[in-house]
Amino acid sequence: MKVIEVKKSVTEDNDIDARNLQEELKSKGVFLINLMSSPGSGKTTLLSRIITDMKDRVNIAVVEADIDADVDAKKIEALGATSIQVHTDGMCHMDAGMTRTGLLEAGVLEDGAGIQLAFLENVGNLICPAEFATGAHHNMMILSVPEGDDKPLKYPLIFRESKTLVITKSDTMSFFTFDIDKCIERVKKINPDINIFVVSAKTGDGMDKLCDYLLELIK
Ligand SMILES: Nc1nc2c(ncn2[C@@H]2O[C@H](COP(=O)(O)OP(=O)(O)OP(=O)(O)O)[C@@H](O)[C@H]2O)c(=O)[nH]1
Ligand SMILES: [Mg+2]
């Protein structure tokens, strides 16, 4: 499994780089999802579940972005999906140039690679990743039950920038004070059009609906 170091892009306009990457991916038939959340909310676990549930229907690749370590990319590789570990030189976000390098090194951009769905697992953080376009066609975020239903109030930007919210670790609901109705109301106030799924990546609860939705997205 490959580990590469990527540095902040030198180009001036990240938004232009992001649009170019979107177009390049589109021309190759790859739909890229930028997955964002706080550390430990369950990104890698959710991706592992998605790969396991969908691998007979779609070819998936994952770019794992972290400050250090290669544990996440190894977990994805063990499931038989294309994966690469990207280290961000200490930065708490990915930009479009960094994402492009990761996809390139993973072979996703090669002609005939056959990847239809790629995920960027962004660095665990609810602030910085929301501020930078990555070249993804779709921003998806996770809020896990143990984090609390007040997070939309504290970190509105990431909820505004996301087209999909996955509320995960639903199996832990009885252990925490998490008002799901209040949480959804807070999120919808920030972003009325957001699509919300409630799942447990541990038990598989709610995963069918999420996987059907992903298949619709890549059509
Ligand atoms: N009970 C329960 N635990 C979960 C679920 N999803 C993830 N976890 C646990 O949450 C912890 C963190 O999960 P990860 O998938 O590593 O989280 P992450 O967001 O990828 O973490 P970073 O990459 O470090 O930001 C692990 O101990 C998982 O087993 C879930 O649906 N239910
Ligand atoms: Mg992870």
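Helices (H or I, at least four residues) and strands (E, at least two) are DSSP runs, numbered from the N terminus. The model is predicted: local features need pLDDT of at least 70, side-chain atom pairs count only at pLDDT 80 or more, and totals for chains, interfaces and linings use all residues. Residues are numbered from 1 along each chain as its sequence is written, ligands are numbered from 1 in the order in which they are written, and side-chain values use heavy atoms, without hydrogens and water.

The shell around ligand 1 holds 18 residues, with Lys43, Thr44, Thr45, Asp171 and Ala201 nearest; a residue is near if one of its heavy atoms lies within 4 Å. Helix α2 supplies the largest share, 3 residues. By class, 10 are polar, 6 charged and 2 nonpolar. Gly counts as polar here, and Pro as nonpolar.

Polar contacts are pairs of N or O atoms within 3.5 Å. An oxygen atom of ligand 1 lies 2.8 Å from a side-chain N or O atom of Lys43. Polar backbone atoms also take part: that of Gly42 is 3.0 Å from a ligand 1 oxygen, and that of Lys202 is 3.3 Å from one. The protein buries 71% of the 660 Å² that ligand 1 exposes alone (Shrake-Rupley, 1.4 Å probe).

A nonpolar core joins buried nonpolar residues through side-chain atoms within 4.5 Å; buried means under 20% relative accessible area (1.4 Å probe, protein chains only). The largest core has 26 residues. Leu46, Ile50, Ile60, Phe119 and Leu210 have the most contacts inside it. Elements giving it two or more residues include α2 (43-54), β3 (60-66) and α8 (207-218). Another core, of 22 residues, lies apart and includes Ile84 and Met98.

Key. Buried < 20%, exposed > 50% of the residue type's maximum accessible area, 1.4 Å probe, protein only. Polar contact = N/O pair within 3.5 Å; in protein donor to acceptor, adjacent residues only side chain to side chain.
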